[in-house]
Amino acid sequence: MKTELTDDALELGRVMDAALAKVGGADLARAAEAGTGIDEVTGILDQLGLWDLRPRESAEDGEAAAAACRSAGRVALPYPVAERLAADPDAGFGAVAVATGPVARVNLISLAPELNWVVSDGRARRAPVVSAGPALGTKLGPLVSEVELGTWESDDSAPLALLLPCWTLLGMLESALDKTRQHMLDRKQFDQPIASFQALQFRLADTTTTLQGFQELAKYTLWSVLSGQPGAAVDVLACRVSALETAETVFRTAHQMHGAMGFCDEVDLSWLSRHSQAIRRLPWGHSQTRKRLLDGMATVPFAGLYGDGLVGAGDHALL
Amino acid sequence: MEFSDSESSAALRAELRTLVREHVPQTFLGAFTRDPKDLETAQAFCRLLAEKGQLTPAWPVEYGGSASSQWDQAVMREEMWGHFEPRGAQYMGVNWVGPAIMRFGTDEQKREHLSRIGAGTVIWCQGFSEPEAGSDLASLRTAAVPQEGGGWRIEGQKVWTSYATMADWCFLLARTDRDAPKHKGITVFLVPMDRPGIKVVPIEAMVGPHHLNEVFFEGVPVTEADVLGEVDAGWSIVREALAFERVGIARYARCDRLLNMAPAALGDRWETLPEELKERWATALIHVRQARLLAYRVVEKIEAGAVDPADTASYRIAVTQTDQEVAEVLMDMLEERAVGAADRSDLFARAVDDHWRYAQAATVASGSIEVQRLLLSRSLLKTK
């Protein structure tokens, strides 16, 4: 049993965090909405050597890729890091996003339209993006575009294409909770830091516990996908369910603790919260993801200590 | 990363499952029932584990253990709790009373107690909580009153004392210095339960028989030979003793087993359940997996010598709430059978009934969830 990322992956995460902080952190997201700064982002990512990683071929590279996605999430980085790392350049596509529904919507595509994007159906097919519209520019989906698709073909991208954005979201949640903790220590009301109020302390403890559960599940799921476990296809759906539950908990706590200040674009929390929405709503929200998980568990094992979630396959000793 | 059992853990898991299959009846739902055969099953299983060297694998070799890895200890916790704890009340002696005696006991105390705990032939109870001292344990009032000519007499009352009706010994906390600050002046006594002046009164309760008792101490004589460690040093001994049991019960293991069993146990009625309930079942499986992974996070930190009480606290917050969530999901799935199995052979319904009743105490026992939240938030909000 080894439940932590490789030292190399952790080091890549630290280096990427430092590099992105040096050029402004969440200010990069502010610049992207204003239509600037993308060259600076791509320059840093090129220097870090991210695009040499081959998560499909090497578990070590897969762990490094996850760490990179988490670092990108910490600053709501306006670049499709997860989508690019989940792709397969050798198969002719440089970025992949899962999208379903009558109109396919893809986050961040307008920032790197040159990548030969494909869309995965979240199962076993992909279709090339033949054209992408402009970014919506809305508050909650500022960098989301509608796309037109070509012909569907078979594909095995879905597990990584679903999982790596969960790691991006993980970075966002870690960052949001870290900023909340600091705000609790800095913000004074009734002549004392709001961290001194037990109701808030308990809420922080509960939210942290939820986040830690998701952190561990994200690592487990990464291992499952990278090592080709039989249940990987449902594990990624379970991970996404946890990601969405945790996001709701963390951002609810973060906004409540920050008060009105948390809604202002002056603070990073507002950017993390708004930019998390594209990951949380696309391709599916909480209920749709949970339904897909339950459907998947009819045929794909969800491994536990005493069974695999398949109907009728559990330990029958008590029957 | 690697989330599979190691070869040794997998072998241990297989061995334990074989032992349970061969020596614990399929109808066993725990040692604490009104049927004395269940306690006999547990006692016999403990002796068997002891013979196989599997009752105290975590103990140092010099005391009859095999100094097993933290991961193997996790497997032991999972397999025992997953199979309704066939060690019965033994886990307390094995998990922390024994280690505390190793750490603080005299040679005489080690001779007296360790071999019997290691052989699975003795049951301990813990004399901690009192009517006025629950989460605030250091407020305990049970007094050790000094006697002319040496020794003390114990006067006071303990409450919620699990297994007191069947225990041979009590790990007792009593106040030896009334004038000292409340965390000082407490002493640990190792007291045989048949000593004159001890009276046990069972408390009828929803969690089931044997779990809750009152224990009255009326002039119970104790001597220097009964003291564990130094007089007045009991608080630090208890803190250290309970740290031996950092991870605690692997509640997630039984949750995992019962949830996985549900579809087959419900048979055709599974198909008629509302989709919303099946989705809650799937979500509960995710939360059980997360609780297990949080336990592994603590185990990895213990192995690395870097564990913090806050790590254990977040695990306990997660696992106790998950225990209760699973209990609610399973009860919903039982539908009308949730208020009681019509037939004693309906083991699944009986197991869920037992799980639900015991889960009510999950966020209260062994340090309430509020205490865990305090521990965790204090650590999080320490100025870095």
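Start by selecting A:Leu164. Setting aside its neighbours within four places in sequence, A:Leu164 is in contact with A:Ala65, A:Ala66, A:Cys69, A:Ala82, A:Leu85 and A:Ala86. Keep in mind as you click around that this is a predicted model.

Now widen the view. A:Leu164 is one of the residues with the most contacts inside the largest nonpolar core, which has 156 residues. Also on that list are A:Ala68, A:Cys69, A:Val81, A:Leu85, A:Leu163 and, from the other chain, B:Ala295. Colour chain B by domain next: this core draws at least three residues from each of domain 1 (7-88) and domain 3 (246-380) of chain B. Apart from this core lies another, of 50 residues; to find it, select B:Ala42, B:Leu55, B:Ile123 and B:Val188, which are among its members. As a general point, nonpolar side chains tend to be buried together in soluble globular proteins.

Zoom in on strand E3 of chain A, residues 117-120. Which way do its side chains point? A:Trp117 and A:Val119 go one way, A:Val118 and A:Ser120 go the other, and all are buried.

- Strand E1 (residues 95-98) of chain A pairs with E3(A) in the parallel sense, over four bridges. Look for A:Val98 opposite A:Ser120.
- Strand E4 (residues 125-132) of chain A runs antiparallel to E3(A), joined by three bridges. Here A:Ser120 stands opposite A:Arg126.

Follow the chain from E3(A) to E4(A) and you trace a hairpin with four residues between the strands. Stop at A:Gly122 in the turn, where phi is positive, about 85 degrees.

Last stop: bring chain B back. Here 42 residues of chain B are in contact with 47 residues of chain A. On the chain B side, the elements giving two or more residues include helix H3 (70-82), helix H7 (251-266) and helix H10 (309-334). Colour the side of chain B that touches chain A by residue type and you'll get 23 nonpolar, nine polar and 10 charged.

Note on methods:
Residues numbered from 1 in each chain as written. Chains lettered and ligands numbered in written order. Predicted model: local features only at pLDDT ≥ 70, side-chain atom pairs only at ≥ 80, totals over all residues. Core = buried A, V, L, I, M, F, W, Y, C linked by C-beta atoms within 7 Å. Buried ≥ 20, exposed ≤ 12 C-beta atoms within 10 Å, placed from the backbone. Domains from an automatic or database assignment. Contact = placed C-beta atoms within 7 Å. Pairing = 2+ DSSP bridges. Nonpolar A, V, L, I, M, F, W, Y, C, P; charged D, E, K, R; others polar.
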